[in-house]
Amino acid sequence: MSLSDIAAGLELTTAQVDRGVATVDDTGVDRDARLRAYEDELPCSAVAAGEVLDGYESGGSVGDAAGAAAVAEVTAAKFLHRCGFEGVTPLAPTARRVLRDWLDGHIARAEALELTGANEAEFALAAYVETHEPIPELAEAVRRDASAPIAGDALVSKRDALAETMSAGGDLR
């Protein structure tokens, strides 16, 4: 079959139809109003949440964003988790499984804390992340580019992917 056979049934027109440029415009979403609507489900006020988002989305760390909003770093991490940002949990996958065992009542808290190797604050944050789902409507409102998924922390993603191959400092005896 040649190209002329394939094109035999096509009709050519003299004018091209301008379809425009496909865009994703999220400027119609009032982020602050959305934050106020979900304020009861957030670990901080809507005003502080907006400041955390501004600091974090401008490229700052969770700690920098928390400092700018005058909230604790753990509070900022909890809020970012509720907004669908990945990588705010301080535990590797194996430690998260231990935490889930504690949450399910299979092991004692002291044992879970020891097995995860986390301090009290890290353990509390990880427990919050495991027991609170992100709010999809809030995640949509805080995304700058609605066509792209929310990216997590590349360092945390790599650490989690390689967690089973790494050993802790205490394993070198």
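Which residues of H5 are buried? The legends below take up that question and a few related ones.

**Figure 1. Overview of the predicted chain.** This is a predicted model, in which local features need pLDDT of at least 70 and side-chain atom pairs count only at pLDDT 80 or more, while totals for chains, interfaces and linings use all residues. Residues are numbered from 1 along each chain as its sequence is written, and side-chain values use heavy atoms, with hydrogens and water left out. The chain holds 10 helices and 0 strands; helices (H or I, at least four residues) and strands (E, at least two) are DSSP runs, numbered from the N terminus. Read from the N terminus, the elements run α-α-α-α-α-α-α-α-α-α. Of the 173 residues, 31% count as buried, where buried means under 20% relative accessible area, exposed means over 50%, and partly exposed lies in between (1.4 Å probe, protein chains only). Among contacts with a separation of 6 or more, 64% come from residues 24 or more positions apart; a contact here means heavy atoms within 4.5 Å.

**Figure 2. The buried residues of helix H5.** Here is the reply to the opening question: Thr 75, Ala 76, Ala 77, Phe 79, Leu 80, His 81 and Arg 82 are the buried residues of H5. Because 7 of the 10 residues of H5 are buried, this helix is largely enclosed by the rest of the structure. The buried residues pack against H2, H3, helix H4 (62–69), H8 and helix H9 (136–142). Just after H5 comes Gly 84, with a positive phi of about 90°.

**Figure 3. H5 against H8.** Two packed helices are described by the angle between their axes and the distance between the axes. For H5 and helix H8 (residues 120–131), the angle is about 20° and the axes are 10 Å apart. The axes are lines fitted to C-alpha atoms, for helices over the stretch in contact, and angles run from 0 to 180 degrees between N-to-C directions. H5 and H8 are therefore roughly parallel to each other; angles under 35 degrees count as roughly parallel, over 145 as roughly antiparallel, 65 to 115 as roughly perpendicular and the rest as oblique. The crossing of H5 with H8 is right-handed, a label for a near helix turned clockwise from the far one by less than a right angle, with anticlockwise giving left-handed. On the H5 side, look for Val 74, Ala 77, Lys 78, His 81 and Arg 82, which meet Ala 121, Leu 125, Tyr 128 and Val 129 in H8. By class, this contact has 6 nonpolar, 1 polar and 2 charged residues. Ala, Val, Leu, Ile, Met, Phe, Trp, Tyr, Cys and Pro count as nonpolar, Asp, Glu, Lys and Arg as charged, and the others, Gly among them, as polar.

**Figure 4. H4 against H5.** H4 and H5 pack at an angle of about 105°, and their axes are 8 Å apart. That makes H4 roughly perpendicular to H5. Val 62, Gly 63 and Ala 66 in H4 meet Glu 73, Ala 76, Ala 77 and Leu 80 in H5. The contact of H4 with H5 has 5 nonpolar, 1 polar and 1 charged residues.

Figure 5. Side chains of opposite charge can pair when their charged atoms come close. The rule used for a salt bridge is a side-chain nitrogen of Lys or Arg within 4 Å of a carboxyl oxygen of Asp or Glu, and the count comes to 6 salt bridges. In one of them, Asp 54 pairs with Arg 31, the closest N and O atoms being 2.8 Å apart. This pair links distant parts of the chain, with Asp 54 in helix H3 (residues 46–57) and Arg 31 in helix H2 (residues 31–37), 23 residues apart. Arg 31 also forms a salt bridge with Glu 57, with the closest N and O atoms 3.6 Å apart. Arg 31 lies in H2 and Glu 57 in H3, so the pair ties together parts that are 26 residues apart in sequence. Arg 31 counts as buried at 15% relative accessibility, whereas Asp 54 is partly exposed at 39% and Glu 57 is partly exposed at 25%.

**Figure 6. Arg 82 and Glu 41.** Arg 82 forms a salt bridge with Glu 41, and the closest N and O atoms are 3.4 Å apart. Arg 82 lies in helix H5 (residues 73–82) and Glu 41 in the loop between H2 and H3, so the pair ties together parts that are 41 residues apart in sequence. Arg 82 is buried, with a relative accessible area of 8%, whereas Glu 41 is partly exposed at 41% relative accessibility.
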